[in-house]
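Reader: Before I rely on any of the labels attached to this structure, I would like to see how each of them was reached.

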Amino acid sequence: MFNRRPEWRADNQPRRVTITLDGMAVEAFEGDSVAAALLSANPVFTRRSPVSGAPRAPYCMMGICFECLVEIDGVPNRQACMIPVRDGMAVKRQVPPPAVNAPAESAHES
Amino acid sequence: MKADVMVIGAGPAGLSAATEAARHGLKVMLLDEQASPGGQIYRALARNTPPPAGAPDILGEDYWRGRPLLDAIDQAAVEYVPGATVWTAETDPLTVGYLKDERSFLRAARSLIIATGAYERPVPVPGWTLPGVMSAGAAQILMKAGGAALNGRIVLAGSGPLLQLVTCQLLKSGAEIAGLLETTTTKDYLAAARHLPRALRARDLLRKGLEMRRTIKASGIRVHKGVTNLQCHGKETVDGISFESRGKPDRIEADLVLLHEGVVPHVQMSRLLDLSHEWFEPQRYWRPVVDEWGETSAKGVFIAGDGAGIDGARAAEASGRLAALQAAAQLGALPNAERDEQAGAAFAQKAKEQRIRPLLDHLYRPPAHIVCPEDPSTIVCRCEEVCVRDIHACMETGCDGPNQLKAYSRCGMGPCQGRMCGLTVSELMAKQRGVTPDEVGYYRIRTPIKPIPLSALAAMEADEEVVAS
Amino acid sequence: MVGAAVAYGLARAGAHVRVLDEGDTAFRAARGNFGLTWVQTKGLGNQPYFELTRASVDGWTALAEELHEVSGIDLAYRRNGGLVICIGDSEAEERRRFIASFKQQAGNENYDCAFIDRPELQELFPNAEIGPTVSGASFSPMDGHVNPLFLLRAFSGGLKRHGGSAHTGHAVKEIRRSGSVFEVRTGDHTFQADKVVIAAGLGTEHLARMVGLDVPVRPERGQVLVTERTSPVFPYPMSGLRQTDEGTVMIGATREDVGYDTGTTVQGFAGMTRRAIASFPFLAQLRLVRGWGALRVLTPDGGPVYAESESHPGAYVATCHSGVTLASMHANLLPRWVLENRRPSELSTFGPERFHVQPAA
């Protein structure tokens, strides 16, 4: 989704950290939010809606929309756009468990 | 330990409020959700640097102007807590609960200055939940904080100064802009024209606006005007956007769609505290009712900055100072005469910044087809996936208020707690009932205003820093 | 909720029904509802209340199916048993005694509830480890749960389907007899009706007086918490803890006497959360998404009140604490009373006169 321009930063060569996304290594810069790091890896989507399973990705990047919810180091539903990356962080995309159905949607068909 | 002044939010309003309050010897605590100060406008400023002479300044001079605010807060005797998410607050007694590193703290204060700013008005169009569709501000955040040069075919759509600015910033960064779709209409230009004389007295701001328009024009990108019927397309990710420009249908292939229709005050805190709000018709949002110092309907509770109505960063800085001066006076740290003397410059700065607002507020009025989406399949509540059609269906069975709608449909009940659907819901219900959104009202906002882990909640009374009220 | 059920039942029976309701931010007891259809703790010392409750729950499956059909809304009703979790030995002891007393009152067969120990309890929850201080639980197959918000919507939809109408934003100011009809005035409007049913929750006392009935009610605040969605962990509802069909976990509820304050308290939240975590420690890592306080309706003895006015025949009052559990009864028995002018024998002991009996000298 984007190329890095480290020359924009005061430290010019920011420290690189590595996080994992669903087990795959993703390179990031220190100071990145988890959401920015994920987007840099072109993940297509960063979670699936627990209601319909539709793909979602960060929308606001500033803590408002909650579209960037991911599991970080085993803790689910964390706001990726508000949390800075840390070396070795394990991030997982959330997909709804199959048994959780979508009553809101079915109810609205009436 | 009780704070004299508790400031929430470290954008321009919060930084200047905290700095000013500390200058009068008050014990100041500054809570901010981000990891570094600056708010959205000066985001990541501390670690960025202006380009060397000759290189394009992508973020622009207004961004670098935040530096003195950051330097001042560094020097000030302020207990600054970054990474602090406020999840509850009450006025009697004045208390704020926040989450830091997954632990919760409850702190009492004598004065509260809420400087939680604004966020971009949600733009509910069909397909806006697709990956690859973001707010224009989100793209700017990636540039500021991520050092990101966005690639792929980008389409920007909507209206407002920030849309223009982001377009210019993207152009300077060398991004490929496949189109700029402006929803502003000729009627908006005419309505705005009568506010031009006042805006002319804010020549600086006007000049910047015109410069941005020139930059866009000179770039040769495709600009479509009078755009309606926006619709984002794609399966797993966005691949294009269709629209009508002055009634003529069109479609552009895109890898990234950036939506923007202005910004609205972030009222979650002021609603939680049950403060008085008023409907601001030109920009169709609610704002808390405040006096000239920013004091709300609750004594000792202030709103500084865009959270009280959109006036921009420089006005926010001034209003932060004004709130701090009044708080200092109320707490006995500053005689009224001195308060007035020191407030002069801030009042003048705020007034100057406000001169251009009537022009902008009328030129960039959010269009009816955006604030009140007509396509029945448009998702209004992204968290619970409640569509326009569902809201109409609920209303048919006798539900005519946002709070009943929650109960009927789960609309507004997800993790964003109504931030993304609240305005749209009130507008849709108002239109259906033939009344104003103010008459319909807004969601009742309750604790927690941000999700909090149960572990932190359960440990509340065990925390040493909890202040018994 | 009581009004919605009665109105639905009346419309289904062919009556022409109008529902007058307050606006968007009214004190709606239904908001505080936890969604339990609950029998095991209802009516110790009040056998008719127990029988009424059990009969209502016996009719719930049919009600849920009927509402699904008429409104298209699946209420997610499950009646596969419910539990009261005990923490520490004294709670377990107390629960055992409670069950024994109830069985004595209602008869062993009729009161279907048993105490189960830790291993048995853990077996019921294969995906959720119980806390170390949990001492057991009572389990009753009589109990179940439902989505209470959908229930309210289904009643409204069903009412409309049967030709009734709902008017919100119409708080009732006055009810009076005018010749052979009642006149009900709300702000600018006056509605006429042959019969009036007052089911106004905390507003009942005030409105009932207008038709010569004295029905004392008072508010009891319940704070309720809801977490983010999680994978299925609780196959059974518990008193104060259940997983909704969409995956959120509800934690409740406080019982506070704080007048008409619907606010929430950090202390209330913390207390409920601690108990929930003591029951199931994994809950500690879930996030609270919403919390609210709602006012429930409490009569002096906690039982429901059903009455027809003697001074104003054709005016009825119905109010209770358990609008969901008793919903099937409200939708079936009460409409019959109103339309057939004959009080069903099951309801004979629930008049408000029971609160006004002078103690024997």
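Author: What follows takes up some of those labels in turn, bearing in mind that this is a predicted model.

Reader: Which residues is S33(A) in contact with, leaving aside its neighbours within four places in sequence?

Author: With those neighbours left aside, the residues in contact with S33(A) are M61(A), A80(A), C81(A), I83(A), P84(A) and V85(A).

Reader: What makes the pair formed by S33(A) and A36(A) a polar contact?

Author: A polar atom of the S33(A) side chain lies 3.1 Å from the backbone nitrogen of A36(A), and the cut-off for such a pair is within 3.5 Å, a limit that the distance of 3.1 Å meets.

Reader: How do you know that strand 16 of chain B is mostly covered?

Author: Of the six residues in strand 16 (residues 256-261) of chain B, six are buried. Both faces of the strand are covered, with L256(B), L258(B) and H260(B) buried on one side, and V257(B), L259(B) and E261(B) buried on the other.

Reader: Which strands are said to pair with strand 16 of chain B, and on what grounds?

Author: Pairing needs at least two bridges; strand 8 (residues 133-135) of chain B has three with strand 16 of chain B, in the parallel sense, and strand 10 (residues 153-159) of chain B, also running parallel to strand 16, is joined to it by six.

Reader: What makes strand 3 and strand 4 of chain C edge strands?

Author: The open sheet in chain C has three strands in the order 3-5-4, paired antiparallel, and strand 3 (82-87) and strand 4 (114-116) each pair on one side only. Neighbouring strands of this sheet are turned by 25° against each other on average, direction ignored.

Reader: Which helix lies across strand 3 and strand 5 of chain C?

Author: That is helix 8 (residues 266-279) of chain C, which runs at about 95° to strand 3 of chain C.

Technical notes: Residues are numbered from 1 along each chain as its sequence is written. Chains are lettered from A and ligands numbered from 1 in the order in which they are written. This is a predicted model: local features need pLDDT of at least 70, side-chain atom pairs count only at pLDDT 80 or more; totals for chains, interfaces and linings use all residues. Side-chain values use heavy atoms; hydrogens and water are left out. Helices (H or I, at least four residues) and strands (E, at least two) are DSSP runs, numbered from the N terminus. Axes are lines fitted to C-alpha atoms, for helices over the stretch in contact, and angles run from 0 to 180 degrees between N-to-C directions. Contact means heavy atoms within 4.5 Å. Buried means under 20% relative accessible area, exposed over 50%, partly exposed in between (1.4 Å probe, protein chains only). A polar contact is a pair of N or O atoms within 3.5 Å; within protein, one must be able to donate a hydrogen and the other to accept it, and residues adjacent in sequence count only if both atoms are side-chain atoms.
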